[in-house]
Amino acid sequence: MDAITAIKTRRSIRGFQPQPVDKGLVEEVLNCGIMAPSAMGRNPWKFYIVSNSDVRNTILQRTGKNQWGAPVLVFTTLVNPFPGYNEYDCAVCHQNMMVAAQSLGLGSLILSYNYPTNQLPAVKDILQIPDGEALMTECIALGYAAKTPPQPSRSLNAQWME
C-alpha cells in the first residue's frame, strides 16, 4: 500500500481481533516511527512494547483505561528530550507508526493515559520505567481490526495567498 492510500484509509480502531501480531511487523512499525524528524535530530524516544496479556491486564486493572482488545501496546518515553519540542517529536513519530501499521494491514489507536485522570504513574510503575525517562501521555494500540469504521466526511479548509 502506498503512503497516500495508507494515510487516507487509516482509522482509529476501537475493537481488535485477539490474534497476536508478529514481532517483525511491530518492529517494522517502530522502525518507521524512528524515521520521523525530531528537533535538532535528537531522536528522543524509547519504546516499551507490551504484548504480554498479563501485563496488559495489569495496566487495565490499575488504570481502568479501555485498550479495546489490542494485543500490542506501545508506550513511548523520552530519553534525549529537547524542551519545547518533545510532544511534537513524539506526535510525528506516532503518526509515522500508525501510517506504517495501516500499510502493513494493522489497525491502530491512540490511547491517552493522562485523560480523564493522570494514570502515568501507574503505567511507569508497572513497566518499571526509570525515573530519568519521561513517559509520554499517549500510547499506540496495535493489532488486527475487528471492524473498520467508515471514512468520516472531511473537507479541506484552506486559503491560498497567490
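Mentor: Let us start with Thr117, which lies in the loop between β3 (107–112) and α5 (120–127); helices (H or I, at least four residues) and strands (E, at least two) are DSSP runs, numbered from the N terminus. The model is a predicted one, in which local features need pLDDT of at least 70 and side-chain atom pairs count only at pLDDT 80 or more, while totals for chains, interfaces and linings use all residues. Residues are numbered from 1 along each chain as its sequence is written, and side-chain values use heavy atoms, with hydrogens and water left out.

Thr117 is partly exposed, with a relative accessible area of 47%, where buried means under 20%, exposed means over 50% and partly exposed covers what is in between (1.4 Å probe, protein chains only). The C-alpha atom of Thr117 is separated by 10.0 Å from that of Lys65, although the two residues are 52 apart along the chain.

Taking a disulfide as a pair of cysteine sulfur atoms within 2.5 Å, the count comes to zero. Cys32 is in no disulfide, and the nearest cysteine sulfur to its own, that of Cys93, is 10 Å away; Cys32 is also partly exposed, at a relative accessible area of 25%. Cys90 is likewise in no disulfide, with the sulfur of Cys93 as its nearest at 6.3 Å, but Cys90 is buried, with a relative accessible area of 0%.

Now for the chain as a whole. The protein chain holds five helices and four strands, and from the N terminus on they follow the order α-α-β-α-β-α-β-α-β. The radius of gyration is 16 Å, close to the 15 Å that the globule rule gives for 162 residues, so the chain is as compact as a globular protein of that length; this radius is taken over C-alpha atoms, and the rule is 2.2 Å times the number of residues to the power 0.38. Along the principal axes, the C-alpha atoms fill a box of roughly 55 × 40 × 30 Å.

Buried residues make up 41% of the 162 in the chain. Of the contacts (heavy atoms within 4.5 Å) with a separation of 6 or more, 81% are between residues 24 or more positions apart.
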